[in-house]
Amino acid sequence: MPQSAPPTLLSAALEAAARGWYVHPLRPGGKASALHGERACPRAGECAEAHVKWEQRATTDPDRIRAAWGAGAYNVGIATGPSGLVVVDLDVPKEKSGKGSSDAPNGATSFLALCERAGQPWPATYAVRTPSGGMHLYFIAPPGVHLPCTAKTVAPNVDTRAWGGNIVAAGSVTPNGMYEVADRAPVAELPAWLLHRLRPAPTPAAVPAPLLIPGGATRRATVALEREAARVSKAPEGQRHHLLLTRTIAIGRFVVWGEITKDVVEEAFGAAGEAAGLPAAECRATIRDALAYSARTCRARETA
């Protein structure tokens, strides 16, 4: 029978949630999410309509947190995007842990060089020391800005966690040691010079082409696809992926019933997702998963 989390882990989860940070359980002693993945999804509860990823399931609800950490000694993960955070991960090269030698600077050295180049001091902000000797610097993300994660593109051994990212919270424990608060300063706003480096290059606004439905499609499938594609194209930030997934699932039944072709649905929702601001690759993967889900679960037309 799994043991409940030690008071320190539960307290760490509740403390993070009290700051408005969305938490989710990580595997005991590890850094990977303890929540089920898509392959193991039971398609029930929150996932009844479609699999809900850990980033969307992270929570600030104290009751849900007590229930989750009451079931096991889970480490604490923070979903940085929903929490409105950008966390700068200053790593230590593995070679500097005794497994060889390397001329690559550690993350802290690289980040200090970036600060000096920008003519700014090292920012005073909430920071967590990692068991490997690295550092996590927490910043408040600018409102309305959807920043992606980065991996060593800012500087050597400097990663960032934003939307789609997870960071291990202070109080979590791995075989190498504990994540500990190194600086309890208030979380600072993301410096403008760093935002400039992290902001993706602007892309021209996508203008969806007129939706042309081949004559073989039924009228109800045609009308439904036009309506749902229009909803996706106007989806606000934060709802784009969810709407693309669920609306494609809804239209997928017409593909199963032979009322419209798969390629027409893929083209329509691909254009709609890109018009809403989603990357083309993400649109393709989401549409593929949604149509596959419809094919597995759709009832026969006469019983629908």
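**Entry: S172**

I started at S172 and listed its contacts (heavy atoms within 4.5 Å). Leaving aside neighbours within four places in sequence, S172 is in contact with L9, N75, V76, G177, M178 and Y179. Before going on, a note to myself: this is a predicted model, where local features need pLDDT of at least 70, side-chain atom pairs count only at pLDDT 80 or more, and totals for chains, interfaces and linings use all residues. Residues are numbered from 1 along each chain as its sequence is written, and side-chain values use heavy atoms, with hydrogens and water left out.

Where does S172 lie? I found S172 in the loop between β8 and β9. Strands here are DSSP runs of E, at least two residues long, and helices are runs of H or I, at least four long, with numbering from the N terminus.

Is S172 buried or exposed? S172 counts as buried, because its relative accessibility is 0%. The scale I used calls a residue buried under 20% relative accessible area, exposed over 50% and partly exposed in between, with a 1.4 Å probe and protein chains only.

I also looked for polar contacts, meaning pairs of N or O atoms within 3.5 Å; within protein, one must be able to donate a hydrogen and the other to accept it, and residues adjacent in sequence count only if both atoms are side-chain atoms. A polar atom of the S172 side chain lies 3.0 Å from the backbone nitrogen of V76. I then checked S172 against A73: the two are 99 residues apart along the chain, yet their C-alpha atoms are separated by 9.8 Å.

**Entry: T174**

Next I moved along to T174, which sits in strand β9 (residues 173-174). T174 is buried too, since its relative accessibility is 13%. Not counting residues up to four places away in sequence, T174 touches G29, K31, N75, P131 and Y179. I noticed that N75 and Y179 turn up in this list and are also among the contacts of S172.

**Entry: S83**

Another serine, this time in the loop between β2 and β3. S83 is buried because its relative accessible area is 11%. Which residues does S83 touch, not counting those up to four places away in sequence? I got G20, W21, Y22 and I78. The side chain of S83 also reaches the backbone oxygen of A79, at 2.7 Å.

**Entry: nonpolar cores**

I looked up the nonpolar cores, which are sets of buried Ala, Val, Leu, Ile, Met, Phe, Trp, Tyr and Cys residues joined through side-chain atoms within 4.5 Å. The largest has 23 residues, and W21, I78 and Y138 have the most contacts inside it. At least two residues of this core come from each of α1 (7-18), β1 (23-26), α3 (62-69), β2 (75-79), β3 (85-90) and β8 (166-168). Which element gives the most to this core? It is α1, with five residues. Apart from this core lies another, of 22 residues, with C115, A162, L190 and W193 among them.

**Entry: cysteines**

The search of the whole structure finds zero. C115 is buried, since its relative accessible area is 0%, while C149 is partly exposed, since its value is 30%.

**Entry: aromatic rings**

Rings of Phe, Tyr and Trp (its six-membered ring) pair if their centres lie within 6.5 Å; planes under 30 degrees apart are stacked, over 60 edge-to-face and the rest tilted. I count six aromatic pairs by this rule. F254 and W257 are edge-to-face, because their ring centres are 5.8 Å apart and their planes stand at 90°. Both residues are buried: F254 at 3% relative accessibility and W257 at 12%.

W21, Y126 and Y138 form one aromatic cluster. I found R19 over the face of Y126, at 4.5 Å from the ring centre. For that label, NZ of Lys or CZ of Arg must be within 6 Å of the ring centre and within 35 degrees of the ring normal.

**Entry: positive phi**

Most residues other than glycine have a negative phi. K152 is not a glycine but has a positive phi of about 60°, and I found K152 in strand β6 (residues 150-155). N157, likewise not a glycine, has a positive phi of about 60° and lies in the loop between β6 and β7 (158-161). K152 is partly exposed because its relative accessible area is 44%, whereas N157 counts as buried because its relative accessibility is 10%.

Technical notes: A disulfide is a pair of cysteine sulfur atoms within 2.5 Å.
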